[in-house]
Amino acid sequence: KTHKISICTTVMDRLKDIKLTLPKNIEDNIDYPDVEFVLLDYNSSQSEGKWIKNSMMEYIDKGILNYYRTEEPQDYSMAHSRNIAFKLAQGEIVNNVDADNFINKGFAEYVNKLANQVPKKAVFVKNKKMLRGRLGFYKDEFVNLLSGYDETSIGRTYGHEDHDLLHRAWGLGFTMCWFGGDYYSPT
């Protein structure tokens, strides 16, 4: 089965990073037949929207990139921004990719391969120790079984949201599907 896969990135003042990563991530996965990139601009003060309009319209026109912007939050919330991006995504499978990460060629194809091996209750993850925004789920299970990221945990250490979500998934019997370092590298 070819699953529709959404690769979601949330940004607040990360123009420098997405200029590097977003075009490359799209080009490295554009050959997958049903991929969507979701970029949520979480009230950036920089010119993310202007850059998207000037540089990325060909991908929007092709239906590969969906750009959204909210002007409400004053401070960045990993949990809230990712919940919004995952809910906006149209794919059966939703994956978070931080703005400063490359996913490399074949990522969407490999996630699809893992999904065909584990057709329900799957967590698509780089590895269990170094999550750093590298988690994916079946969208329906993310919303209905896990209830998304916990938006009440504020002020915790970086990455707490990911670990909390991963531990809740383990507790519900989800299977960890490792995609390893070949499909992620930082800028």
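How many salt bridges does the count come to in this predicted model? The count comes to 12 salt bridges.

View 1. Seven strands form an open sheet in the order β3-β2-β1-β4-β7-β6-β8, with mixed pairing. Its edge strands, β3 (65-70) and β8 (175-178), each pair on one side only. On average, neighbouring strands are turned by 20 degrees against each other, direction ignored. Helix α4 (residues 78-88) packs on this sheet and touches β1, β2, β3, β4 and β7. The direction of α4 makes about 140 degrees with that of β2.

**View 2. Strands β2 and β3.** Strand β2 (residues 35-42) pairs with β3 in the parallel sense over 6 bridges. D41 stands opposite R69 in β3.

**View 3. K24 and D28 in helix α1.** A salt bridge joins the side chains of K24 and D28 (2.6 Å, N to O). Both residues lie in helix α1 (residues 15-29), 4 residues apart, about one turn of the helix. K24 counts as partly exposed, at 39% relative accessibility, whereas D28 is buried, with a relative accessible area of 11%.

**View 4. K105 and D31.** The side chains of K105 and D31 form a salt bridge (3.8 Å, N to O). K105 is in the loop between β5 and α5, and D31 in the loop between α1 and β2, so the pair links distant parts of the chain, 74 residues apart. Both K105 and D31 are exposed.

**View 5. D164 and R168 in helix α7.** D164 and R168 meet in a salt bridge through their side chains (3.0 Å, N to O). About one helical turn separates the two, because they are 4 residues apart in helix α7 (residues 160-171). R168 counts as partly exposed, at 26% relative accessibility.

Definitions and conventions
Residues are numbered from 1 along each chain as its sequence is written. This is a predicted model: local features need pLDDT of at least 70, side-chain atom pairs count only at pLDDT 80 or more; totals for chains, interfaces and linings use all residues. Side-chain values use heavy atoms; hydrogens and water are left out. Two strands pair if DSSP finds at least two bridges between them. Axes are lines fitted to C-alpha atoms, for helices over the stretch in contact, and angles run from 0 to 180 degrees between N-to-C directions. Contact means heavy atoms within 4.5 Å. A salt bridge is a side-chain nitrogen of Lys or Arg within 4 Å of a carboxyl oxygen of Asp or Glu. Buried means under 20% relative accessible area, exposed over 50%, partly exposed in between (1.4 Å probe, protein chains only).
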